[in-house]
Amino acid sequence: MSDDINKAKSAILRNIPSIDSLLKIPKAIKWLKEYPRNLVLKALRDAVDTKRTELLSGEAHSVTLNSLISLANDRLTAHTSFSLRPVINATGIVIHTNLGRAPLCKSAIDNAAAIAAGYSTLEYDLKSGRRGKRYTHVQSILKDLTTAEDAFVVNNNAAAVFLCLIAIAKGKEVIISRGELVEIGGSFRIPDIMAHTGARLIEIGTTNKTHLYDYERAITDNTGVILKVHRSNFQITGFTEEVGIDEVTALARKSNITAMYDLGSGCLADLLPYRMHDEPVVKNIVKKGVDIITFSADKLLGGPQCGVIAGRHDLIEAVRTHPLARMVRVDKFAISALEATLMEYADADKSFKNIPVLKMLTEDIREIKKRAVRLASGIKGQTTGHMEVKMISDTSYAGGGSLPGHEFSTYAVVIKPEKQTVNELEARLRCSNPPVIARIKVDSLVLDARTIFDKEVKTIIDMSKSWCAT
Ligand SMILES: *Cc1c(COP(=O)(O)O)cnc(C)c1O
């Protein structure tokens, strides 16, 4: 009996076409004209190997030429398309860490492209004709915008915090409230960072309450820094108490120690008129006399991935000249995009129009509604009989460690598929080109119009017909 099965299997295996014969099929001949030969060969071999394994394991019982070619086609597409690709963010989360945080403003994109395309003054001083420093390009504009004495930029905010602590607090004690021992994005934990800087972490207070006397009592001759960390991705509510930055700064000054504040999200714009109170504005914090602050450039600031360090000149100098600074240095694309983004802030009104993150967070709800209406009616037109499509008012979030708990009213398109499950529809959108990332709510898919760019509305509508295919 089992002999018969093995014989049958061998017969099928023998019938799998050879790579040479597959290469003569019209489809493969077409591929050879479009793609490098080695990639076509690799795709065909992958397809044949996969089918052979499926046969041997009993997962498949026959192999058709069509199934081989279709598999090879998938492989070829995978081998010849980018892994890092643009997507349409329909989640409504404006600063989405998994989707690349802040989209850049036009001037930043143009400037980065120009710098990428050729040589630049990255480390060249045009005035003297001598070697210059990459950090100086954004130094004075950062000083202006933050009102700090000095400023320095590194690869990201995690690096900024790390570098500051190692340069300023190594071998010393760093006091921090237990309510602020945060974890950001899984791998950035204040206590772990601290352990590697050679500073000694002194935890004070409790999770929900820290008083000024907790700080006072913890100060010793060996205290180097009082560190405050902005709770940027969560809130503590209820029976709580936190010591404000004013009091922490006053205490640090009196005791001759450094006050440091990891702001997380570097908000340069005044969001108060938009009733977003919970996010500290950088220059207001600097005014309070904090010695050194750090923040990300790709959160509320709306720029590229960078970590900004601003504060007292002598401290910034210690950070700048630390040997590790070279290891977390910022690249020319980030500097060029950051400089252009910062320049947008010269005109406050324009910055809210031009910087996508600020625009999306403060956009007039009527504009969002218009976009949602267009999207809903467009999708409805393409999918009648297959989906139930309607517009609803909903809630979006800032995300990316900014404005935790702040809810933004929004409009969204809700799509309930009738001939497939919502998970199948979600996967379809995710695997389309460009991918559309949406949220599932019970048995429907929700597309939030807040984070969908105007020009993407048509793209989505055009694609929506293909969502119905069975
Ligand atoms: C986001 C964040 C960080 C990490 O910043 P990256 O730019 O992602 O490295 C550190 N601290 C706080 C408080 C944050 O919100």
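The dialogue below goes through selected features of a predicted model.

Reader: What are the ground rules for the numbers here?
Author: Residues are numbered from 1 along each chain as its sequence is written, and side-chain values use heavy atoms, with hydrogens and water left out. Because the model is predicted, local features need pLDDT of at least 70 and side-chain atom pairs count only at pLDDT 80 or more, while totals for chains, interfaces and linings use all residues.

Reader: How many helices and strands does the chain have?
Author: Helices (H or I, at least four residues) and strands (E, at least two) are DSSP runs, numbered from the N terminus. The chain has 19 helices and 17 strands. Its C-alpha trace spans about 90 × 55 × 50 Å along the principal axes.

Reader: What share of the residues in the chain is buried?
Author: Buried means under 20% relative accessible area, exposed over 50%, and partly exposed in between (1.4 Å probe, protein chains only). Of the 470 residues in the chain, 48% are buried. A contact means heavy atoms within 4.5 Å. Among contacts between residues at least 6 apart in sequence, 74% join residues at least 24 apart.

Reader: Which residue reaches the backbone nitrogen of Phe-333 at the start of α14?
Author: A polar contact is a pair of N or O atoms within 3.5 Å; within protein, one must be able to donate a hydrogen and the other to accept it, and residues adjacent in sequence count only if both atoms are side-chain atoms. A side-chain oxygen of Asp-331 comes to within 2.8 Å of that nitrogen.

Reader: How many residues of α8 are buried?
Author: In α8 (residues 157–168), 9 of the 12 residues are buried, so the helix is largely enclosed by the rest of the structure. Among them are Val-161, Leu-165 and Ile-168.

Reader: How many aromatic pairs does the structure hold?
Author: A pair of aromatic rings is described by the distance of the centres and the angle of the planes. Rings of Phe, Tyr and Trp (its six-membered ring) pair if their centres lie within 6.5 Å; planes under 30 degrees apart count as stacked, over 60 as edge-to-face and the rest as tilted. The structure holds 1 such pair. Tyr-135 and Phe-152 are tilted, 4.5 Å centre to centre with 45 degrees between the planes. Tyr-135 lies in the loop between β3 (130–131) and α7 and Phe-152 in strand β4, so the pair ties together parts 17 residues apart in sequence. Tyr-135 is buried at 16% relative accessible area, and Phe-152 is buried at 1%.

Reader: Where does Lys-299 lie?
Author: Lys-299 is in the loop between β11 (292–296) and β12 (307–311), and it is buried at 4% relative accessibility. An unreviewed UniProt entry places "modified residue: N6-(pyridoxal phosphate)lysine" there. UniProt positions follow the numbering used here, feature names are shortened, and annotations may be inferred rather than shown by experiment.

Terms used. Expected span 1.5 Å × (residues − 1).
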